[in-house]
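Okay, hi everyone, thanks for coming.

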Amino acid sequence: MTSTPFVRPTTPLTRPDLKGTFGMVGSTHWIATASAQAVLERGGNAFDAAVAGAFVLHVVEPHLNGPGGDMTGVFVTADEPAHPRVLVGQGPAPAGATIEHYRSEGLDLVPGSGALAAAVPGSVDAWLLLLRDHGTWDLADVLAYAIGYARDGHPLLERVAGTLTNVAGLFRDHWPTSAARWLPDGEVPAPGTVVTNPEYADLLDAVVAAGSGAADRAAAIDLARAAWRERVGAAVEAFVATPHRHADGADHAGVITAADVAAFAASYEDATTVTFRGYTIAKTGAWGQGPALLATLKILEGLDDAALDPSTELGAHTILEAQKLALADRDVWYGDPAADDVPLTYLLGEEYAALRRALIADTASHEVRPGDVPGRPTPPVPVLRTEYATSAPAGSLPGAPGGGAAAGVGEPTVEVPTGSTSGSVVEPVETPDSPEHTGATRGDTCHIDVVDRWGNMVSATPSGGWLQSSPTVPGLGFCLGTRLQMTWLDEASPSALTPGRRPRTTLTPTLVLRDGEPVIALGSPGGDQQDQWQLLFLLRVLVGGYTPQQAIDAPALHTTSFPGSFWPRTWTPGGAVVEDRLGEDVITALEGRGHVVTRAGDWALGRLSAVTRDPATGLLGAAANPRGAQGYAAGR
């Protein structure tokens, strides 16, 4: 295989590639990064730091995640550097979440907002489990950062204020508990206003107190986990019993109960891995979308380097086409049945990758093309809609006044400048008198990476439970998540809504190993784009020789030519979203190949952060996303 240099990275960098030997953190918010680094400075390890930073993210990025949501992590310990593990903080569907019940409510999709979309909250229990088993600090010390920002205040992000502006009408008219929580005096706080969440601070204080007097640190954390389940479960069951507005424009009661919350316990499992150009890439199992990145890498591995550069016409086209094939398999094969029901060994194998590679043509595919598995009937392709109509009257959806592109549903959005050319990143929910779509693209949540001087490394993506997901639960200070919208009301789908099963989450952190040692932890917010944007990073770093910050700064792109994981689950046949910095020649050439291109602006796509480690020297590194002026890396 010949080696062709990639297009060289643009200089100067937006920020330096950090280097040091003590410890490194990268995350989507500077306060979380600083809090995690403070833990490292005080002698904590990577797991202590990651947990502290994650609870701070609940407070400072409430429009992107919350304690009622979920998380997925992948990590290695210094004691077992060759054994990547997955931290499972994705809760299952409640016992009452049956297809029959949702159909009886007049639904053909799980709503994108409201308590019917809520999986059992999993994030907090997972973080506490990680702290118990691999951290060193007491719970009170780890949570002190989040409790301080919740009780004493933190500056409101401009993007939080913007989100609140979009859903203020919904809060006032339909979700009064959210209005009381977020709209003091009935108005949206201005960006930079110091805001607090005393209810959440009180809850965390009570959880810490529940473990006081325990025989040891582990017992104290387990008592705290039990107290969390008890308090949250009781409050949630009592609240969701009252019908409230959902994304379909109707009022429904939720089905989640205290028993559902009490029954959930976070867990660990071995990572799913493949090799790519001498590296081992570690991801979740098929209950997450992580194996789709692994499948894409195996498809691309058999090609010359010249076909793998995202900054060229050939590379961008090839990457987009390979991703479509992997995502088509994701949508028909992945889910959370018994492990042997998802044929991952075959789907990630060399033989299958070669078959899929042969389908990449010189022009863009406008089809959804899942592959066949020998001896197995291929599950049906999900319903393909380019738009989704509802009968809801204008102004009744959880979104902008007048019923626009429901801002409170689906996933948090990243605004794309108006005036995009062809295509649509996410189609609006069609309602009477809908205003013109502004080009909002799904794809924001939170992420944190940490590496310490001992060689512990963790990458985690907390999400769900954003403030616009569902009404704020009184006494808790936060709302439930909406991950069940990733399930289908179709018994034949491997991602069918099923009590006790996890929804096929998009949360997908990544760990990279070389010769049995961890070398990179990375991840990105972005829903269906998370692994697509991480793929660009991996290709540019592992094949193109970019530094992590060069790879993060480089122009990004992704496909939308598959059914979205979030309500209303539409797609754009042949859709490709690109940053304008990809260049006029490349973009025009992609259009000539049949890609339906949306130009997103110069700095609009990708939310990556990463930390690195050189096992030979002990040198550590970190890099963070400049887009949105919010992500931050720190270390020494």
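Predicted model: local features only at pLDDT ≥ 70, side-chain atom pairs only at ≥ 80, totals over all residues.

The protein has 636 residues, and 64% of them count as buried. If you go through the secondary structure, you get 17 helices and 25 strands. Now, take the contacts between residues at least 6 apart in sequence: 75% of those join residues at least 24 apart.

Let's zoom in on the loop between β4, which is 85-89, and α3, which is 99-104; Pro-94 is in there. Is Pro-94 buried or exposed? Its relative accessibility is 0%, and anything under 20% goes down as buried, so Pro-94 is buried. Who does Pro-94 touch, then, if we skip its neighbours within four places in sequence? The list is Ala-118, Ala-119, Val-120, Val-255, Ile-256, Asp-260, Leu-484, Pro-499 and Gly-500. Here's another one to find on the screen: Thr-257 is 163 residues away along the chain from Pro-94, yet their C-alpha atoms are separated by 7.5 Å.

Gln-90 sits in the loop between β4 and α3 too. Gln-90 has a relative accessible area of 1%, so that one is buried. Again leaving out neighbours within four places, Gln-90 has contacts that include Asp-70, Met-71, Phe-264, Trp-287 and Arg-483. Ala-119 is one of the contacts of Gln-90, and Ala-119 turned up for Pro-94 as well.

Next, the helices. For α8, residues 198-210, and α9, residues 217-240, the angle is about 135° and the axes are 7 Å apart. That angle makes α8 oblique to α9. The crossing of α8 past α9 is right-handed. On the α8 side, the contact is made by Tyr-200, Leu-203, Leu-204, Ala-206, Val-207 and Ala-210. On the α9 side you'll find Leu-223, Ala-224, Ala-227, Trp-228, Arg-231 and Val-232. Sort the residues in this contact by class and you get 11 nonpolar, no polar and one charged.

Last stop, cysteines. A disulfide is a covalent bond between the sulfur atoms of two cysteines.

Okay, that's me done, thanks!

Note on methods:
Residues numbered from 1 in each chain as written. Heavy atoms only, no water. Helix = DSSP H or I, 4+ residues; strand = E, 2+ residues; numbered from the N terminus. Buried < 20%, exposed > 50% of the residue type's maximum accessible area, 1.4 Å probe, protein only. Contact = heavy atoms within 4.5 Å. Axes fitted to C-alpha atoms, helices over the stretch in contact; angles between N-to-C directions. Parallel < 35°, antiparallel > 145°, perpendicular 65-115°, else oblique. Left-handed = near helix turned anticlockwise from the far one by under 90°. Nonpolar A, V, L, I, M, F, W, Y, C, P; charged D, E, K, R; others polar.
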